[in-house]
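Subject: Handing over the structure

Hello,

Here is the structure I promised to pass on to you. Please open it beside this email, and read on once you have it in view.

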Amino acid sequence: MKKILSTLILMTVLLSACAGANSLDGTKWALVSYGPAENQTSAIPDIFAYIYFNTEGNIEGKVGCNSFSGAYEVSGKTLTTGPLMSTLMGCESPIMEQETAVMMLLNGELPFEIDGENLTITSEDGNSELHLVHTEN
């Protein structure tokens, strides 16, 4: 009986410790495509565009020629970001177009879905999506 009770207590403690964690904490994602769901634009192949969600509630990355960072929170299947800060280097087209489109979407209360190694983040208005693939933890 003591063994069962000890096991239940240990399981409760472990589950409680995990309760504050979310599915994005400590994950890094590479951009695959962006834009309207029915007409996605592929990410520029020669640019490693990525988003990293650290375990302290900060998001950072690079989706063009500038780096960005800011705060994020997850509640259920909603990602809340912003305000995001970015460096201000000028980029050539189409790099700047990609960066602008991604950064415009990546602000506010955003529905998201993880399906295996794939992450989809949807804009607040539901008209645009980011498609990313898991790269590392």
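Let me begin with a definition: two strands pair if DSSP finds at least two bridges between them. Helices (H or I, at least four residues) and strands (E, at least two) are themselves DSSP runs, numbered from the N terminus.

Before the findings, two notes on where the values come from. This is a predicted model, in which local features need pLDDT of at least 70 and side-chain atom pairs count only at pLDDT 80 or more, while totals for chains, interfaces and linings use all residues. Residues are numbered from 1 along each chain as its sequence is written, and side-chain values use heavy atoms, with hydrogens and water left out.

**The overall layout**

The chain has 2 helices and 9 strands. Read from the N terminus, the order of its elements is α-β-β-β-β-β-β-α-β-β-β. Of the 137 residues in the chain, 34% are buried; buried means under 20% relative accessible area, exposed over 50%, and partly exposed in between (1.4 Å probe, protein chains only). A contact means heavy atoms within 4.5 Å. Taking the contacts between residues at least 6 apart in sequence, 50% join residues at least 24 apart.

**How the strands pair**

Start with β8 and β9, which run antiparallel and are joined by 5 bridges. Here Thr120 has His131 in β9 as its bridge partner. The hairpin of these strands has 5 residues between them, and Gly126 takes a positive phi near 80° there. Asp125 is also in the loop between β8 and β9. Asp125 is exposed, with a relative accessible area of 54%. Between Asp125 and Leu110 there are 15 residues in sequence and 8.9 Å in space, C-alpha to C-alpha.

β9 also pairs with β1, in the antiparallel sense, over 8 bridges. In this pairing, Gly35 stands opposite Glu129 in β9.

Now look at β5. Strand β4 (residues 58–62) is joined to β5 by 5 bridges, and the two run antiparallel. They form a hairpin with 4 residues between them, and Gly61 has Phe68 in β5 as its bridge partner. β5 is joined to β6 as well, by 7 bridges and again antiparallel. Gly70 stands opposite Leu84 in β6. In the hairpin of β5 and β6, with 2 residues between the strands, Gly76 takes a positive phi near 65°.

**The core**

Which residues have the most contacts inside the largest nonpolar core? They are Ile51, Phe53, Ile121 and Leu130, in a core of 23 residues. A nonpolar core is a set of buried Ala, Val, Leu, Ile, Met, Phe, Trp, Tyr and Cys residues joined through side-chain atoms within 4.5 Å. At least two residues of this core come from each of β1 (27–36), β3 (50–53), β5 (67–75), α2 (95–105), β7 (108–115), β8 (118–122) and β9 (128–136).

Leaving aside neighbours within four places in sequence, its contacts include Leu24, Trp29, Ile59, Tyr72, Leu79 and Ile121.

**Rings and a charge**

Rings of Phe, Tyr and Trp (its six-membered ring) pair if their centres lie within 6.5 Å; planes under 30 degrees apart count as stacked, over 60 as edge-to-face and the rest as tilted. By this rule there are 2 aromatic pairs. Phe48 and Tyr50 have ring centres 5.3 Å apart and planes at 20°, so they are stacked. Phe53 and Tyr72 are edge-to-face, at 5.0 Å centre to centre and with 75° between the planes. Because Phe53 lies in strand β3 and Tyr72 in strand β5, this pair ties together parts that are 19 residues apart in sequence. Both Phe53 and Tyr72 are buried, whereas Phe48 is partly exposed, with a relative accessible area of 47%.

Lys28 lies over the face of Tyr50, at 4.5 Å from the ring centre. A charge sits over a ring if NZ of Lys or CZ of Arg is within 6 Å of the ring centre and within 35 degrees of the ring normal.

**Two cis peptide bonds**

The bond from Gly82 to Pro83 is cis, with omega near -10°, and Pro83 is in strand β6 (residues 78–86). The bond from Ser93 to Pro94 is also cis, with omega near 5°; Pro94 lies in the loop between β6 and α2.

Enjoy exploring!

Best wishes
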